[in-house]
Amino acid sequence: MIFCCQQSDEPLVRPSGACLWYASKRRLKELLQQSDNRFCADCGAPDPKWASANIGVFICLKCCGVHRSLGTHVSKVLSVTLDEWSDDEIDAMVEVGGNSAANAIYEAFIPEGVSKLRPDANHGERMKFIRSKYELQEFLKPSLRITSGKPTISVQSSFSRKILDSFRITSASQKMEEGMVEFIGLLKIKIKNGTNLAIRDMMSSDPYVVLTLGKQTVQTTVVRSNLNPVWNEELMLSVPQDFGPVKLEVFDHDTFSADDIMGEAELDIQPLITAAMAFGDPEMFGNMQIGKWLKSHDNALIDDSIINIVDGKVKQEVSLKLQNVECGELELELEWIPLDQ
C-alpha cells in the first residue's frame, strides 16, 4: 500500500507521483468550479473542458481548435481532464484569477460593430474574434493598447484586484521632494547591429549610437570604417515616473571636426512598460507574447515590434529605419527591469 501522506515528523513513504498528480487535478477542478469559469471565456458555451495555460482562461472544444491554430507562443492549450499539468501552469491560471479577470483585460474595449462570440458561432467567426482578442490584442482599453501614443503607466480598474495590486502606484508613493526624480524601473537596450548606414567620410563612416532619455545620455563604442556595424552592446537607462520616448541618434565619428549625424529615431517605450506592468512578475508565466508596438506612419518601425516574456524576462525586438537620412536601419532588443529586481 502507498500512503500519500504521513502524520509523523518523519514520513515513512514519500508522496507518490500519482498522489501529486491527483492533488494538481484537484486544484484545477476547484478553479474550474468558479462561476465565471463554468462558461467558455470566448463564446460563453457551458462546461468548458479545455484551457489556455499561458493566457489563463477556460475554453470550449470549438474555441480550443482556434487557440491551437494560433501556436503555443500565443496560446498553449491543455485538456482539463486528459493532459498533465505542471504546478507552474496551475499557479499561472490561479494568478490570472479566472475567465472574468482575463476578459477584463482582453475584452475591455470591444469596438462598435464587433460582437462577442456566441456558442453557435461558426469557425470563421471564432477565428476572426479569437485572433483579434489574443494575437492582435485589438480589444484592450485604449490606455493599454500596444500602439504608439502618449506615454502612460496608469492601469485601468478593470484588471483583477490581484493583478492590479501588484503594480498599482499610489498617489502617496508618487509624492517626492521638489527637485527629485522618482524612477519606476530600468530599461536595458541592446544595440545589435546596423545595416546600410549612410556614408559620411570618403567611402565609409565610423558610426556610433547615442541614446537619450530625459537628462540621461549613453552611447556605444565607435566602429571604424563600417556601414554594416555589429555592436551587440547593452546600454542601461533609468526610467522616470513621467517618461517620454527614448531618442536614438547615429553619428559618424570625426577626429578633427564635429561628428556628423547619420540618422535618428524615437523609441516609444510605453507599450513595453504597460505590457510588463499588466502581467506583473514575468517569472510566473511561460514564454508568451504579451504585447505589440504597431508600425505606423508616425514611427520609424520597419515591422510591428513584438513584446514577449522570454525565460522570465520581458523583452522586445525592434527594427528601425533611421529618419532624416538617405538610408540606414538598426536592430535593437529592449528589456524592462522593474526596480524590485
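**Strands and packing**

Guide: Strand E10 and strand E11 (residues 305–310) are paired in the antiparallel sense over five bridges, where pairing requires DSSP to find at least two bridges between two strands. Helices (H or I, at least four residues) and strands (E, at least two) are DSSP runs, numbered from the N terminus. The model is predicted, so local features need pLDDT of at least 70 and side-chain atom pairs count only at pLDDT 80 or more, while totals for chains, interfaces and linings use all residues. Residues are numbered from 1 along each chain as its sequence is written, and side-chain values use heavy atoms, with hydrogens and water left out.

Visitor: What stands opposite Lys 292 in E11?

Guide: Ile 306 is the residue that Lys 292 faces there.

Visitor: And what's the strand order in the open sheet of six?

Guide: The order is E7-E4-E13-E12-E11-E10, with antiparallel pairing. Strand E7 (230–240) and strand E10 (288–293) are at the edges with a single partner strand each, so one side of each has no neighbour in the sheet. From one strand to the next, the twist averages 25 degrees.

Visitor: Which strands does helix H8 lie across?

Guide: Helix H8 (residues 270–279) lies across E4, E7, E10, E11, E12 and E13, and runs at about 145 degrees to E10; axes are lines fitted to C-alpha atoms, for helices over the stretch in contact (heavy atoms within 4.5 Å), and angles run from 0 to 180 degrees between N-to-C directions.

Visitor: Switching topic, how much of the chain is buried?

Guide: Of the 341 residues in the protein chain, 46% are buried, meaning under 20% relative accessible area with a 1.4 Å probe, protein chains only.

Definitions and conventions. Buried means under 20% relative accessible area, exposed over 50%, partly exposed in between (1.4 Å probe, protein chains only).
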